Amino acid sequence: MRIQAFLQVLLMLLLSGVVQAESDVSGSSDPRQLPRFPLSWIVSYNTQAVPEYALATGPMRKIEGIISPEMDKRIKGELTRITYRVPDIHTPDQVFSYYLELLKTMQAKILFQCSSRQCGSSNQWANNYFEVAELYGLDRTQFFLSASAGNLQLALYTVKRGNRRVYVHIDVIEPLKQTAESVAADLQQQGFSWLSDAEKLEPLIDFMTSNPQQRILIGSYNRSAGVGADELLERSNNASLEVKDLLIDAGIDAGRIDNIGVGPALPVAEREQASGVWIQLR
C-alpha cells in the first residue's frame, strides 16, 4: 500500500512538472484581479474593442433558427478573450468553484450561472458564443457564469473535452479608454457620455476645445446604500460641481458648462455602479 501511495504521489509530481514547463502564448496575461487556476496556462489570447457584446444571462438556445443566449445584456467596451488549459488531474467543477470564490472576494454580482445540460449545448457555447473550438466538450461537464464586478463585466466557461482535456475560458469587458473622438461619438449617437474617470478629463477638455461653441450639462447621481436622500443629493451635486471646476481650471469658459446633481434618481440610463458622472449636450 505504501508503495502504491508513493507511486501516486510521484505521478502527481511528475504531472505538475510537465504542466509547469508549459508556457503562455506570447503577449498574454491574466485579467486584472483574476489570477489563473493553479498551474493552468494560456493557449489563446486576444483583445479588441467591441461596439456591442451580448453578455449571456441565460442558457444557449436556438430561437427561430438563430443560436444565441436565451437572454443577454448588451454592453460595449474593450473585450479580452483568454482560454486556459487546465491540468488533466483537475475537473471543471473544481475550476468553477475556484473562480466563484475569487468573484466573492471581489464582491461581484453573479448575473447568471448554470451547469451541465442546464446551460444548453457545449457545441453552441464553443462555436457560436465564444468562437473557440477547443471549448466543445461534454455537455454534462460544463459550467458557465456571467458577472459584474465594478466596471468589469465577464463571462466564464469551463468544460472537459472527450479527450479528457480541461479548459476554462474568460471574456472580460472593460470600459473603453475615452478619447475626444469617443466622447463626441457617444454624444452624437446617444445624446450623452459617461465619464469613465471623473479625474481624467483630457478627452472631455479636448472635445470642448475642438468645439468652442458647444455647451454641456454635467450630471451626477449617487445611490449609495445606507445614506439618506438629502445626503445623496448633496454628494451628487458636489461631484458634478467638482468636474465643472476642473474644466474651468483647464481654461473652458464657465458659461459653457451647467451642472446638476440628481441624488439617487437616474434619468439617463441603467447603471450598476453606485455613483457616476455623465455629460449631455445643451
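**Terms and their grounds**

Mentor: Helix 3 (residues 122–130) lies across strand 1, strand 4 (72–86), strand 6 (143–149), strand 7 and strand 8, and runs at about 140 degrees to strand 7. The angle is taken between N-to-C directions on a scale from 0 to 180 degrees, with axes fitted to C-alpha atoms, for helices over the stretch in contact (heavy atoms within 4.5 Å). This is a predicted model, in which local features need pLDDT of at least 70 and side-chain atom pairs count only at pLDDT 80 or more, while totals for chains, interfaces and linings use all residues. Residues are numbered from 1 along each chain as its sequence is written, and side-chain values use heavy atoms, with hydrogens and water left out.

Trainee: What makes strand 7 and strand 8 a pair?

Mentor: Two strands pair if DSSP finds at least two bridges between them; strand 7 (residues 152–160) and strand 8 (residues 166–174) have eight, in the antiparallel sense, and therefore meet that definition. L156, for instance, has I170 in strand 8 as its bridge partner.

Trainee: Why are strand 1 and strand 5 called edge strands?

Mentor: The open sheet has six strands in the order 1-4-8-7-6-5, with antiparallel pairing. Strand 1 (41–56) and strand 5 (109–115) each pair on one side only, and the twist averages 15 degrees from one strand to the next.

Trainee: What share of the protein chain is buried?

Mentor: Of its 282 residues, 41% are buried, that is, under 20% relative accessible area with a 1.4 Å probe, protein chains only.

Notes. Helix = DSSP H or I, 4+ residues; strand = E, 2+ residues; numbered from the N terminus. Buried < 20%, exposed > 50% of the residue type's maximum accessible area, 1.4 Å probe, protein only.
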